[in-house]
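The following note sets out some points on the structure for a reader who is new to the subject. Please keep the sequence and the model in view while reading.

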Amino acid sequence: MSAPHRTAEEIGRTAAGPRPVPSLGTQRAAAELSHVDTTLSNGLRVLAVRKATVPLVELRAWIPFAGEDKLHPATAEVLAETLLTGTARRDRIEIDAELALIGGDLASGVDPERLAITGTSLADGLPTMLNVLADALTGASYADAEVERERERLIERIAVSRTQPRTIAREALQKHRYGDHPAVREVPQAEDVAIVTPEQVRALHRASVLPRGSVLVLVGDIDPETVIGDLEKALGGWASDRSAVRLPVLPDLTGGNVLLVPRAGAVQSQIRLSAQAVSRTDPRYAALQLANLAYGGYFSSRLVENIREDKGYTYSAHSGFEFTDQTAVLNVDADTATDATAAALMETRYELARLGLVPPTAEEVESVRQYAIGSLVTAASSQGGLAAQLAALAATGLGADWLAGHPARLAAVTAEDVASAALEFFAPKRFTGVVVGDADVLAPKLTALGDVTVGESA
């Protein structure tokens, strides 16, 4: 005879009242990673980590890829789309077939800071994946037909992207923060892409796809010591005396008025605020990370509780870090209905000030600490997640040791440390940013709110 069905509410109660929620257990230390962190003879930094949870290997390559030329963003995008479409030895079909046989995949993408290559394969297929990668790095052909085809697809995607509110808001924020700095040019102009030639793409590859100053991360069922020798052989032909081109240093943000960017007829507004932060190597970073989580970095944060759960101004509100080379900023994002925009901005600023003046309680600090440590451990539990984290760290000179030691740094942060970080970094006057929306409706209320200026149409 089967047991009677009980509801969740019945299960959670006893005759004496609700069952107590068990306390969180002791945080386990991160598993020690067997790894090698070295630089090959061609100047490529390699971080190889053994994580044999499944018989796979994850690959992440990070090549600094900045450029000052007006056409650089467009040419770089076409290069990223066609890097793996053929070489002197293999055409697109042969590349796809070889990778398919090892359960593998390679893909590339680009932004103003770097050219990124991601890959995965069965562990015993790693030599093949490295061979294909080396072939592309040293002999990508950028055939006329491939460039033309991918160029046309890229133009279509750019046209769609530039109609999206998030793209418009991001571009407006970048221009407001950094003016004409190369970092601003994240989405190229379609007309620039249309005039990119195969020879320009080949020339950019020769000039900028360079190993010196770049990073390669391998995580998976590998022997880190042995794989270094395999990489020396596979990538030995990828060499240059020049170094990959790093993005010029970004200027520090100093706060200032929020810019209202008109977007006529928009029924929603995008609020984007930003302030200077500190890098991961700064001794204040761990406390600042917890302060950010308390403010808007996770679902139980103060900002989410206020403008989403309590007032319903937005479906999504979030704050977090944006890292570019050795610099970092704090960003606050929220999308709101037009009629709620001024109130949402007011409450967002209110929560910034409240974080410093009424700092997170000991209970809040412990909650965000557990979330931060748990999220870090969870993200690094898969091969792909660990590879992504290490690639981001390695690009700024850090590595597996920093990652392994960060839970202890978070555990050592006190409520007083978080209060100090909140007061120092979350003062509303430190933030600048943009609001993108219907200026005819928004301008009267936003300018009355103060520290808002009206700009030109997006």
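1. Two strands are said to pair if DSSP finds at least two bridges between them. Strands of a sheet pair through backbone hydrogen bonds, either parallel or antiparallel. In this predicted model, strand β5 (residues 56-64) and strand β7 (residues 114-122) pair in the antiparallel sense, over 9 bridges. Within this pair, Leu-56 stands opposite Leu-122 of β7.

2. Helix α2 (residues 72-82) deserves attention. Of its 11 residues, 10 are buried, so the helix is largely enclosed by the rest of the structure. Among the buried residues are His-72, Pro-73, Glu-77, Leu-79 and Thr-82. The elements that cover the buried residues of α2 include strands β6 and β7, as well as helices α5 (144-161), α7 (190-194) and α8 (198-208).

3. Is Gln-276 buried or exposed? This residue, found in strand β10 (residues 268-276), has a relative accessible area of 10%. Buried means under 20%, so Gln-276 counts as buried. The side chain of Gln-276 reaches the backbone oxygen of Ala-328 at 3.1 Å. Leaving aside neighbours within four places in sequence, the residues in contact with Gln-276 include Pro-251, Asp-252, Leu-253, Thr-327, Val-329, Phe-425 and Arg-430.

4. An unreviewed UniProt entry assigns "domain: Peptidase M16 C-terminal" to residues 196-370. The end C-alpha atoms of this span lie 50 Å apart, and the span is 40% helix and 24% strand.

5. The protein chain contains 17 helices and 14 strands, and its C-alpha trace spans about 70 × 65 × 55 Å along the principal axes. A compact globule of 458 residues would have a radius of gyration near 23 Å, and the value of 25 Å for the protein chain agrees with this. Of the 458 residues, 51% count as buried. Among contacts between residues at least 6 apart in sequence, 80% join residues at least 24 apart.

Methods:
Residues are numbered from 1 along each chain as its sequence is written. Side-chain values use heavy atoms; hydrogens and water are left out. Helices (H or I, at least four residues) and strands (E, at least two) are DSSP runs, numbered from the N terminus. UniProt positions are given in the numbering used here, feature names are shortened, and annotations may be inferred rather than shown by experiment. Buried means under 20% relative accessible area, exposed over 50%, partly exposed in between (1.4 Å probe, protein chains only). Contact means heavy atoms within 4.5 Å. A polar contact is a pair of N or O atoms within 3.5 Å; within protein, one must be able to donate a hydrogen and the other to accept it, and residues adjacent in sequence count only if both atoms are side-chain atoms. The radius of gyration is taken over C-alpha atoms; the globule rule is 2.2 Å times the number of residues to the power 0.38.
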